[in-house]
Amino acid sequence: MTLDFNDDRTYTKDVVLKNVRYALFDPKSLQDDAFFAKFLDMAVVFVLMDHSDPNRPRYKIVDAVDMVSLDIRLNEIMDAANANCKKVGYRIMPMEDAISEIIGIEIPSDAPYPMYVGTNPERILGASILMYETYLEDLAAQIEDDLCIAPSSIHEVLIFPLSLVQPSKIIEIVRDVNRTVVLPQEKLSDSAYIYRRSAHAISQVTLKNPEDSTCE
């Protein structure tokens, strides 16, 4: 069945609960009627993915009007979004593998330190991997290091071994990329984040001063 967001015959409560997922957005990019919760400095929203056209996947943010008109309770949509995200899953792969997968040609790694890409299989709204710390925990255990995470867009995040980078420099890169490369509607955050193995938790980088690369 084709999911038509404007057709009451297909846009029903059952369809929403079957397809809804979590996504992360910049709170400033959302409309006033958006239904969201805070996650660090980002906004967690419910989204519907439409893959009826494989060359042009679409998504719709579920707003407060949808929740009321379709009689969806908060606990229902939260449980459904969580189950659907876990069913689809996420991936963390070396940067060179991510690029090779896109262009179809194997490329060698020439980066000064390992870089990883975290997203979902479709690479659409995959930055929500940050909400599922198991993936971060597994990578941190694999490389035996804490992680520094850069939100490259709402679709994916870049991950670095913390011991090999300066968080202040990562923040500079993120802000520059957001200004020059990322579409305004796909910008996620100007921040960077750290996953620490000892705490099993992710936190926003807070610098003591603009020149200091250590966290508060």
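R123 counts as buried because its relative accessibility is 18%, the term buried being applied under 20% relative accessible area, exposed over 50% and partly exposed in between, with a 1.4 Å probe and protein chains only. This model is predicted, so that local features need a pLDDT of at least 70 and side-chain atom pairs count only at pLDDT 80 or more, whereas totals for chains, interfaces and linings use all residues. Residues are numbered from 1 along each chain as its sequence is written, and side-chain values use heavy atoms, with hydrogens and water left out.

The protein chain contains six helices and ten strands, where helices (H or I, at least four residues) and strands (E, at least two) are DSSP runs numbered from the N terminus. Of the 216 residues in the protein chain, 46% are buried. Among contacts between residues at least 6 apart in sequence, 60% join residues at least 24 apart, contact meaning heavy atoms within 4.5 Å.

R123 lies in the loop between strand 6 (116-119) and helix 5 (133-143), and its phi is positive, at about 60°, although R123 is not a glycine. The loop between strand 6 and helix 5 also holds L125, a residue other than glycine whose phi is likewise positive, near 55°. In general, most residues other than glycine have a negative phi. L125 is buried, with a relative accessible area of 3%.

L125 is also among the residues that line the largest cavity. A cavity is defined on a 1 Å grid over the protein atoms alone as a set of points where a 1.4 Å probe fits but cannot get out, and lining residues have an atom within 4 Å of a point. Grid points are joined across faces, edges and corners, and a volume is the space filled by probe spheres set on the points. The structure holds one cavity of 30 Å³ or more, and the volume of the largest cavity is about 70 Å³. Its lining is formed by R21, Y22, V47, M49, C85, V88, G89, Y90, N120, I124, L125 and S128, with at least two residues supplied by each of strand 1 (20-25), strand 3 (42-50) and helix 3 (74-88).

Six strands form an open sheet with antiparallel pairing, in the order 5-6-8-7-9-10; two strands are taken to pair if DSSP finds at least two bridges between them. Strand 5 (91-94) and strand 10 (201-204) stand at the edges, each with a single partner strand, so one side of each is left without a neighbour in the sheet. Neighbouring strands of this sheet are turned against each other by 30° on average, direction ignored. Axes are lines fitted to C-alpha atoms, for helices over the stretch in contact, and angles run from 0 to 180 degrees between N-to-C directions.

Four bridges join strand 5 to strand 6 in the antiparallel sense, and P94 has Y116 of strand 6 as its bridge partner. Strand 6 is in turn joined by three bridges to strand 8, the two running antiparallel, with V157 of strand 8 as the bridge partner of G118. Strand 6 is covered on both faces, since Y116 and G118 on one side and V117 and T119 on the other are all buried.

A83, in helix 3, counts as partly exposed at 43% relative accessibility, and its C-alpha atom is separated by 9.4 Å from that of K18, 65 residues apart along the chain. D66, placed in helix 2 (residues 64-69), counts as buried at 7% relative accessibility. Leaving aside neighbours within four places in sequence, D66 is in contact with Y11, K60, I61 and D71.

Definitions and conventions: 1 Å grid on protein atoms, 1.4 Å probe; cavity = no way out; pocket = protein on both sides within 12 Å on 5 of 7 lines; lining within 4 Å.
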